Each structure stands twice: as structure tokens, then as C-alpha cells.
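Here are my notes on the model you sent over, written as numbered points. Have the structure open while you read.

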Amino acid sequence: MGDMANSSIEFHPKPQQQREAPHAGGFGCTLAELRTLMELRGAEALQKIQEAYGDVSGLCRRLKTSPTEGLADSTNDLEKRRQIYGQNFIPPKQPKTFLQLVWEALQDVTLIILEVAAIVSLGLSFYAPPGEESEACGNVSGGAEDEGEAEAGWIEGAAILLSVICVVLVTAFNDWSKEKQFRGLQSRIEQEQKFTVIRNGQLLQVPVAALVVGDIAQVKYGDLLPADGVLIQGNDLKIDESSLTGESDHVRKSADKDPMLLSGTHVMEGSGRMVVTAVGVNSQTGIIFTLLGAGGEEEEKKDKKAKKQDGAVAMEMQPLKSAEGGEMEEREKKKANVPKKEKSVLQGKLTKLAVQIGKAGLVMSAITVIILVLYFVIETFVADGRMWLAECTPVYVQYFVKFFIIGVTVLVVAVPEGLPLAVTISLAYSVKKMMKDNNLVRHLDACETMGNATAICSDKTGTLTTNRMTVVQSYLGDTHYKEIPAPSALTPKILDLLVHAISINSAYTTKILPPEKEGALPRQVGNKTECALLGFVLDLKRDFQPVREQIPEDKLYKVYTFNSVRKSMSTVIRMPDGGFRLFSKGASEILLKKCTNILNSNGELRSFRPRDRDDMVKKIIEPMACDGLRTICIAYRDFSAGQEPDWDNENEVVGDLTCIAVVGIEDPVRPEVPEAIRKCQRAGITVRMVTGDNINTARAIAAKCGIIQPGEDFLCLEGKEFNRRIRNEKGEIEQERLDKVWPKLRVLARSSPTDKHTLVKGIIDSTTGEQRQVVAVTGDGTNDGPALKKADVGFAMGIAGTDVAKEASDIILTDDNFTSIVKAVMWGRNVYDSISKFLQFQLTVNVVAVIVAFTGACITQDSPLKAVQMLWVNLIMDTFASLALATEPPTESLLLRKPYGRDKPLISRTMMKNILGHAVYQLTIIFTLLFVGELFFDIDSGRNAPLHSPPSEHYTIIFNTFVMMQLFNEINARKIHGERNVFDGIFSNPIFCTIVLGTFGIQIVIVQFGGKPFSCSPLSTEQWLWCLFVGVGELVWGQVIATIPTSQLKCLKEAGHGPGKDEMTDEELAEGEEEIDHAERELRRGQILWFRGLNRIQTQMEVVSTFKRSGSFQGAVRRRSSVLSQLHDVTNLSTPTHVTLSAAKPTSAAGNPGGESLP
């Protein structure tokens, strides 16, 4: 963190220095000039560039860079540019200090009550009442109490304070390490973000933070622009600027009309080169950031203001906390009281459970205190008929304080404050371990949601397949070749046309490089389909590089880049005779419809009629597709010199083509995928394949993967057919039609991004099953964004994925592999189970401790377990047990059961049986010891001891036995599904073993040397052995309980259900209306104006995320489709730029590519 902080210090003063020096550092532009230039748009910007620099290359000259070669890669030059124009880095907000976290931990209500009690107890113990010796105050200070013991009265208070400090430090440390982990994760995501620049004429991938002003950067489809720049050369470039302007239409950029490219915007189509003109805090995003006060001070004020306004607003402001860490932190804190949308399933259940337990504990402790006070008052003043004497007041007050402390103890033990700790530890641990399994988790709750997943909609290319494509079959000159033809077998004309068509009509950034190691495969860089075609050229013993050198990229006359609507790509070049030639390649069934001629074996044209096309589809394309190959058609068209067509009329231009070849590209299934899919199916998860490929190819690959099995009843549909089935006559999607389709659907081919989104939304909204489906989606392209967002868990590909997809996702698969998804399911289920294990253990302790403290206090006027002992039990129970049980590693057996539903209770019947069963055993033992223990061990009874009497062996044995039973029960708690072998895999979790042994060690120290503070007196070996023996009895008793079949115990209730029907989670109600009502309830009239102001910022706030890369921001803003924008849309329907009505739901279109309706 240190270096980041420093850089933020160097950051701000710089611009001022430059303004004085006219052209600092020998560059021809000052920082201020560039900043003002970047604020202009369109024609104004062009005019300004022409006036000031002549043209873009003039600007490049001033910045001492070459439009084709880029910067010389010299460290001094780059450093100098950083000095003058700043670095491409926005200083993050300072993390919370450890002390702030300690202060936050101290806000806990129970801890405050304890602190008060401890301080009162301390104060009273130092006050020696004058009438101490008088008999008048009753049996207050009887017992063998010497002076030393009386002096030790302060110890109890001090011990309570000490344990409170322990709890606080543990909590604070945990929060701090969590924050640190997130910042680590954050910086990892930021470092992984690379961008392509040209330096010394070489294409390099540099980290985004290393970009400097004057760099020549390559921009392409799917990029998220990391800095501001001016376009030098572009092909069909379209940008989504909604994150800056709120306009959802894509903006067309070209060097001669609108060359300004802004950081934080998304490239939706095309490609090009730009010269970087502003980075970091000087870029458009950076400026907005500075306005939002990511620097810190304004932030604090804003936070305070927000907190005053309302809890809900405070949530909305949260994302400004820059790092995901801060946000999670806040979320954890506010978990209980903020009406926040989309609480994760687990959090919902836990919060509800904790509140129920808390209420019960409060009632119990109140009753305890009342009974104790009444008993004392009646006994002292009624039965013994004493008068209340002034000098006795302090003595009586001391009694009352003692009762109060006992009451608080009951409360402390009843409230499972270990729960948030267990959840946090479990999630943080899982997230850390999932990194090793190639899952980079961006939203914590995604990890746990994954455990409930019931459906996975997976992409085909790259996820199920290796994404190393090769051409294996081809149809050239009337011949179908099953392997690569010999170059001599082909007519030179065909070969030449083919080589040109492939080399020119593909992104020049796509290349095949020599292998890194001897004997390895050549490296494919760029678009994999294009790599396959270039590989085909190399296999035909020709080279694509000379062709590209002959016709460099800036000589290309017009480029129609590939997008999901066209499903083809075309490039126009100017011929020497002044005519034009268009090369086109794309999905065979689409492109063949536009072909009117085909080359025969001599390379001459022959006409190609619809009948020929049908023949070709049957004889060539379908057989290729049934082998699981993707078929690509390559075609061309010549335009004579006289007639230049209207290039914007794309349908005219790309028509009347001549087919050169059809190639079949193989993308082999990853060897480990079939096994992974089998695991998913066994675990009750349906895998569906959604692909843009042809249906036969898709079906062949689905069969290879095991997604469809012969003899099963399943559907494989094409996008068109799917839409026909789910839409009514008016073309609207109907849920009940969808419900007929999706349960059997296994393969959706030739699907558009909207189909994918429709399918995901349809499955999630469906109410046909007994429980709501939880859907995971994988995606890599920009067009997968909407589906990834809509899904419960979105997986983006780390290698092949575009920035847009990563931004929309919850988990990034760093190895693009389907098996990693199975790992994620395993971890998700493990989180759920870990928390259930912890609950089972914790609640047993709670039930026992509360009952013991309560009955003990009522019958013997003194809890057998003292406050400090209770706190120690609470500490071991909470902190250590949560550590031990939350870090259990997942096992394959987790994949053998069906997913838990969203409304499955946290505490199943089996767990309830275990909790109550063990509680019965423990209570029996403790009460036996309490009432007849002194006879059994032949020691003095500890019951009815006066105030400040020394600790008795009797009560020490009870305390020790209690702890021993907890320790052994912790081993029992490792299994929650009623398994017999509780030791199974215990040594694979070193943390667990360490904690159990460590706790045991500390317990020995406490009992033998704890003395007065812990109210313990040392025990003999024999007594220790008895305590241990009773503890081991827990394991035996566990086996007894396991024998009782749960099905017989109808009386047991389950607990910790998800939110009930009346408090349905927001998503299940019609989102739009729900949110508005919610908003109106939340907001008082006066705030609406404030909100509108905030909404102005909010439109721009999306930008902020782009730098943050963790998406914590955008995630937060988009996911909770904020109350703000909803309200804004409702109150401001007069400004329709922000509203797209989709299925009659107002959703904010701000920052919403293509204006699709967001979840």
C-alpha cells in the first residue's frame, strides 16, 4: 500500500508546475492543453486538432511519437512522460486503520453491556463499605475469607474487561486481514489487466498502469479503454459511451468525424489505433473521480451526509469506498439493519436465525436477573425481616451488580456472535483457496450461491473445448478434402485467392508465432478462428506475413468487422486498376445465401443456385457439422473501376459473392470436460450448452461432452425455433411457453446474446419446480454481459474473456476451464456445510450454557459457570471453533448430493437431533455434578457460596467438564448429515487439529493456574481423568444419536429458513414496481431533490468502476439496480434518455449497453 500512497502524493501538485513552463520537458503539448482538448467532442475536437496541430500525426509529432512505430521503449523517456503527464493510476482511498476497526468492533451491543457491568463491578470492589463487619447487613460476607481474598474482588471485573479486549482484537484483526486480502485480490485483478500498445514497431501487452501519454494503443472489440486518446485509424469502430454520457446508443468513431476516445468506455465493434493523450487523474474518468473525491476528504463528508439521510442511501454511497474490501466490510456491518437488495441466500437465513436466538437470549437473561433480585430481596428483607440500612447500600448494590453480571453472562452466551465471524472466515478462506483452483472470486456471496446452483448455461468455445482451433476438412474447387490438401493439388488461382482472402480479411493483430519451447505447438495469438485459418495457410506451405506487408492495415479501404448480428467479417481493398475487391468470411449457412457463383476446379466461376446450395449443405456442410466441426465459408467479390458502390449500404455490398472455399474447423473437447459434466449431473446440476454454432456441430460436441445422452428425452433447438416456441402472436415472451421448453432444453445453437439472456431470465423466473432455480452462466464475449449479469453467478473467462464480460461477472475462471466451475460448486457447498457445522456446535453450547446459567442461578443464586469462564467458553466456541470448522477442506462427497434449495433451512432435522441430543447428555452430566458432584468426588460443595468466596473445586470440575465436552463435541460437529465416522479426513485439516489441541492446552493452564480471575482451583490428576472420561463420552453418545433414525422424530422442527413468503426476496416480486414502492417508503419528500442531484453523479459514477477493475463499483451500482435511478426514472420521465421500457418495467438505462433490461 505504501507505494500507492506515495504516488498519490506526487500526483496532485504536478499539473500546477507544468502550467508555468510553456512546453515542459521538450514536448510540444502541455498537460493543460491536452486536458482541454479531451473535453471537446466530434466536430469541435477535429477543428481544434486542425487549428493547433494540423492533424493527428501533427499531434503525434508534438508528443514525440510515431503513429506506426509507437514510442521507443526507453525507460528514461517513459519515466519523463510519467513525470510530466502523470501515471495511469488513480490513487485509491486509504484503507481503515487497525484502530478504526477496533473502534467499530467495540460498537457491539453485548460488548458494551459487558464493559459497563465490568466497570461497575470494578468500581464497587475498590469501595470498602464502612459497615462491612456489622451483622446488620445479613449473610453478606460469611465464609472463610481472609484479607487477601477480599482484595481480589477487582479481579472479576478486570478479567471481564480483558476478555472483552480479546474479543475486540480478534474481530478487528479478522476485519483487517479481510480488507487486506481484498486489496490483494484487487491489485491482482488490476495487474492482470493488460492492454496492447505499439513500442518500437512491436506489439506489446503492457499493464494498464504502465500506459503513458504518447503511447500508440491498439483498440479492439470488447476492450474497456484504460486512458483517453485520439483515434489515428479505425475500422468500423463503435463505442458504448453510456458510462460517461448515459446515452445507450453506440457512438460511431472515425478519424475524420469523431476521433475522441474516452477512458472507461467500451468498444462494442470494430478496431483501430489511438494515440494516448491523457492518463490517470487527468483522463475523463480520472477527472470525475477527483470530483467524487476518491482522494478522501470530501468522501468523509459525503459519507456522513449519506448516513444522516438514510440507511438505504448509505448503502448506495458505499461503492465509492473504492475497494471491494471496504464495501464488504460495510455490508457485513450493516447486514442486520439495511434493507439492501439481493441479500445472499445464506446471509438472509443467518440474519434471521441470529435475531431469533438473540431475542430468546434477551428474554432468558432478563428473567434470570429478575428471579435473582426477587429471591435476594424476599430472602433478605422479608424472610429475615431486615431493614435497608444506609451503610449497607454499597453491599446490596454489589449483590445487584453480581446478579446483573450473571444476567449479562447468560445473554453473552446466548447470542452466537461467532456467526458473522464463521461466515467471514469461511468465505475468506474459500476465496483464498479458490484462487488455487483457478477461480478468482469478485463478489463474496457468489461463492456460496454456487453451492445451490441447479443449472449451468455454458458457452461451448473455450469452456468445453480447448479453444485451439485447426482446419481439418475443406471444400475447394469442387472437391471435399478430408485432410489438408497438397498445395500442388490446387489451381494456383484458387490457392492465391484463398491466401489473400484469409491473410487480409482477418484482424492484423491475429498471428501465429513460433512455439516458445522446442517441440511445442505454435502459439496462437488473437482470435482463435482466424488463427485456424492462418494455420491453414501455413499448412498449404504459404505465408500470410508477406501479403500483409504488401497491403498494410492502413491501406485497407473499408472493414466490416465481425459482430454477433452479421456473423461475418468483410474487408475491401483497392485494386491496382482502380477497382475494388471485397473479401468475406463467416458462418457458412449465412454466407452461402449471399453467394451467386463458386470457383470450380480450374478456378473459373460457375453459377451457384439455391438448388446447388441445398446440395452443398446436405453433402458437405452437414457431414462436417456432424463430426463436430465449425464450418466457415470464404468468399470474394470484385467491383470494376467505374462503379464505386455506396459502402454504407452493407447488404448491397456484401452480396453477389463468389465462394472460394468452405473449411471445417475442429475445436477438440477438453479431455477433462466429460468427467466434470458427469460430476455436475450426479450433483443434481443440469448443464446446458448455449452456442453461436450450427446445430449439428453443437449436437455433436454436446454428445462428446455427455451433455446429451442417447435415449434421453431432450431438446436441441436453434435460436429461431427457440424464439418461435416461447413467443406469442404479438412476439412477446410468455413465461408459461418458456416453462414448456427449458426443462428439456440441453442445447441452444445459433443463439444470439438476447436468446441467452432470455433463457437465463426464463429459468430464474420460472415457478414450475418446487424451488426456484439457481443459474450459473459462463461467457467470454462482450455480448454475454447481460446474461452474466442476470445469472445468479456469472463466470467470465480469464484468458479469452473481454473486459466487458469480466466486468459483468462474479467469478473469473483464470484457466477458462469447465472443471474449475465444478470446483466452485464444491467450494460453495462446502461454505454452506461449514457454517452448518459451526451452527450445530455453537447452538449445542448455547442451549447448554444458557440452561445451566439460568437454572443454576435460579436454584443456587449463583451461576455455576462464572462470567469470565463463560467468556472463555464463548471465545473458544466462537473464534476458534469458527476457525476450525470453517476451514474444513471440501471433499468429492459434497458432489454426491442434490443442491440445497433457496429455502432449505440452515438447521436440518438431523442437525436439530444432534443439537438436542448432545444438549441432553451435557445437561444431565452438569446437573448431576452440580447437585451430587461433591459426594461423588468427596469435596466441599460450592453451592450457596457467599460473595467473594474463594473458587471451589466443585465448580471448577463443572467448568472443566463442560469445556471437555465442548472439545469432543467439536469433533462430532464435523459431520452434519448423520455420518458415523466423525474422524474421517480429520488430518487433512491441520488447522482443526491445532485448534483442538491448543484449546486443550490453554484449558489446562486456566484450570491449574487460573486461580481467582477464572474462579478455578487446581484439580488432581484423578479429577482430570474423570473430566476427560466424561468428555470422551460425547463421542460415544454421538454414535448413539446417529443410530436414531431422523425420520422417526416428526416432532423436531427445522430452523433458519430463508425469508418467508411475506418477505419474499425482491427479485421474486416484479422488480420494477417493487423497487419504486420500496423507494417511496424509504425516502422522505425532502430527500428526493438530494437524490436527483446524486443521480447526476451516479450516471457518471459508473465510470469509476472502470478504473477499479474489481467491478466492486459497477457491480454495486448495477446489481442493486439502485433505488436512486429507479426513483429518478419515475420522477423524471420527462428526460427519456434514461429510461428504456422493457417488458413494461422501468429500468435505468444509464450505463447499460444496448439498453437491455437489467436484473
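**Notes on strands and helices**

1. Strands count as paired here if DSSP finds at least two bridges between them. R574 has F580 in β16 as its bridge partner. Five residues sit between the two strands, and G578 in this hairpin takes a positive phi near 90°.

2. Before going on, a word on the source: this is a predicted model, where local features need pLDDT of at least 70 and side-chain atom pairs count only at pLDDT 80 or more, while totals for chains, interfaces and linings use all residues. Residues are numbered from 1 along each chain as its sequence is written, and side-chain values use heavy atoms, with hydrogens and water left out.

3. Back to β16 (residues 580-587), which also runs antiparallel to strand β19 (residues 629-639), with eight bridges joining them. Here A587 has I632 in β19 as its bridge partner. Is β16 buried or exposed? Eight of its eight residues are buried, so the rest of the structure largely encloses this strand. Buried means under 20% relative accessible area (1.4 Å probe, protein chains only).

4. Of the 1159 residues in the protein chain, 60% are buried.

5. There is also an open sheet of eight strands with mixed pairing, in the order β8-β26-β25-β24-β9-β21-β23-β22. At its edges stand β8 (439-441) and β22 (715-718), each with a single partner strand, so one side of each has no neighbour in the sheet. β22 pairs with strand β23 (residues 745-749) in the parallel sense over four bridges, and L717 has L748 in β23 as its bridge partner.

6. Which helices are worth a look together? Helix α24 (residues 610-626) and helix α27 (residues 695-705) have axes that come within 7 Å and cross at roughly 25°. Axes are lines fitted to C-alpha atoms, for helices over the stretch in contact, with angles from 0 to 180 degrees between N-to-C directions. The two helices are therefore roughly parallel to each other, a label for angles under 35 degrees.

7. Where do they touch? E622, A625 and C626 in α24 meet N696, T697 and A700 in α27, with contact meaning heavy atoms within 4.5 Å.

Notes
Parallel < 35°, antiparallel > 145°, perpendicular 65-115°, else oblique. Buried < 20%, exposed > 50% of the residue type's maximum accessible area, 1.4 Å probe, protein only.
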